[in-house]
Amino acid sequence: VEAAEEFADRIVSEEMTAQLEQDMAAIAAGEKAYDEVTEASRELLSRVFDDLTESREAVGDHLQNSLKADKTLGPCPECGADLLVRKSRQGSYFVGCDGYPDCEYTLPLPSTGKPLILDETCEDHELRHVKMLAGRKTFVHGCPQCKADEADEQEDEVIGTCPDCGEEHGGDLAIKRLRSGSRLVGCTRYPDCDYSLPLPRRGEIEVTDETCEEHDLPHLRVHSGDEPWELGCPICNYREFTARQEGSELQAVEGIGEKTAAKLKDAGVDGVDELKSADPDDLASDVDGVGADTVRDWQAKAD
Ligand SMILES: [Zn+2]
Ligand SMILES: [Zn+2]
Ligand SMILES: [Zn+2]
Ligand SMILES: [Zn+2]
């Protein structure tokens with residue numbers, strides 16, 4: 001088993017596997033032949049294979065057990081078999097029962113990130129907590145059964161009229177909590193109307209007395225951390241968010257940083273398409289410290 005553990009350690013050594021993964025992908029895509037992959041990867045592979053032959057059974061058992069342990073949350077409330085993290089055909093993760101297809105019990109998981117099962121266990125459900133790995137957006141989801149129950153218990157809070165179907169069908173906008181733990185402002189006629197606006201995952205959401213005159217919706221305030229966050233009107237907030245995303249699209253062009261992107265945005269250039277179609281002389285006169293040649297240079301690089 002010692003050899004097996006050493007083997008597992010080596011296989012998860014991240015620096016090595018990143019290169020290996022890249023090489024394997026290149027081989028799979030037909031871009032590289034096995035003997036063309038980097039020497040380091042070949043060395044790693046051959047050492048792994050040596051280890052495998054030496055202790056095949058031990059490695060097999062060890063890996064099988066640790067792979068299963070990595071996916072097992074705890075007992076299924078319906079049949080007692082193991083609940084496991086599974087991946088749907090669409091590529092999203094969820095919790096399913098090892099007794100499937102006899103038992104069809106499932107729980108949703110957040111759509112952001114890759115689930116990691118923690119050692120911490122929910123005392124009520126004997127289920128291990130789940131963390132979602134998503135780079136800087138990594139967060140602890142907690143017990144998936146608790147999250148689903150919280151959503152089932154919480155009533156939708158109506159805050160206004162649905163801009164898509166309110167007039168015609170009487171749909172309302174409501175703050176909803178989904179069983180996966182996400183929150184959103186969505187239409188009460190879902191799934192007939194799928195209008196929705198994102199909300200943050202954390203913090204208590206307060207519906208204030210202030211109203212957005214343009215959208216006739218109340219301003220929202222999110223209580224998390226020390227300072228409450230004034231989210232404001234959920235439609236205006238989403239519009240600003242989308243605009244920021246488009247602004248950052250410009251930063252993909254070589255030579256354009258955050259500040260320049262902001263200046264361009266002030267000059268009415270929100271995205272790469274607008275940049276490409278802009279007149280270099282006009283734009284240069286609108287943006288401080290930028291010459292027409294620089295604009296031409298960006299346009300060439302944006303292609
Ligand atoms: Zn089950
Ligand atoms: Zn729980
Ligand atoms: Zn609607
Ligand atoms: Zn608004």
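Buried means under 20% relative accessible area, exposed means over 50%, and partly exposed is anything in between (1.4 Å probe, protein chains only). Keep that in mind for the close-ups below.

This is a predicted model, so local features need pLDDT of at least 70 and side-chain atom pairs count only at pLDDT 80 or more, while totals for chains, interfaces and linings use all residues. Residues are numbered from 1 along each chain as its sequence is written, chains are lettered from A and ligands numbered from 1 in the order in which they are written, and side-chain values use heavy atoms, with hydrogens and water left out.

**View 1. The whole protein, before zooming in.** There are 11 helices and 14 strands here, where helices (H or I, at least four residues) and strands (E, at least two) are DSSP runs, numbered from the N terminus. Of the 303 residues, 36% count as buried. The accessible surface (Shrake-Rupley method, 1.4 Å probe; for residues, only the protein chains shown count as cover) is about 19100 Å², and 44% of that belongs to carbon and sulfur atoms. As for pLDDT, the predictor's confidence in each residue from 0 to 100, the protein averages 84, and 77% of the residues score at least 70.

View 2. Donors are N, O and S atoms within 2.8 Å of the metal (3.2 Å for Na, K and Ca); water is not among the atoms, so sites may look incomplete. Cysteine 76 is buried at 4% relative accessible area, and cysteine 97 is buried at 2%.

**View 3. The zinc ion (ligand 2), with a histidine among the donors.** The zinc ion (ligand 2) is held by Cys122 (SG), His125 (ND1), Cys143 (SG) and Cys146 (SG), lying 2.0 to 2.3 Å from it. Its site is tetrahedral too, with angles of 105 to 114° among the 4 donor atoms. In sequence, the donors of ligand 2 read C-x2-H-x17-C-x2-C. Cysteine 143 counts as buried, at 3% relative accessibility, whereas cysteine 146 is partly exposed at 23%.

**View 4. Helix α11 and what covers it.** In α11 (residues 292-302), the buried residues are Ala292, Val295, Trp298, Gln299 and Ala302. They cover an arc of only 115° around the axis, which puts them on the same side of α11; the arc is that of the directions from the helix axis to the C-beta atoms. Asp293 and Ala300 are exposed on the face turned away from that buried side. The cover over the buried residues includes α8 (258-266), α9 (272-277) and α10 (280-286).

**View 5. Helix α8, one of the covering helices.** Thr260, Ala261 and Leu264 are buried in α8. They cover an arc of only 100° around the axis, so they sit on the same side of α8. Glu258, Lys259 and Asp266 are exposed on the other side. Glycine 268 follows α8, with a positive phi near 95°.

Methods
Four donors count as tetrahedral if all angles lie between 85 and 135 degrees; four count as square planar and six as octahedral if opposite donors are over 155 degrees apart and all others between 65 and 115; anything else is irregular. Contact means heavy atoms within 4.5 Å.
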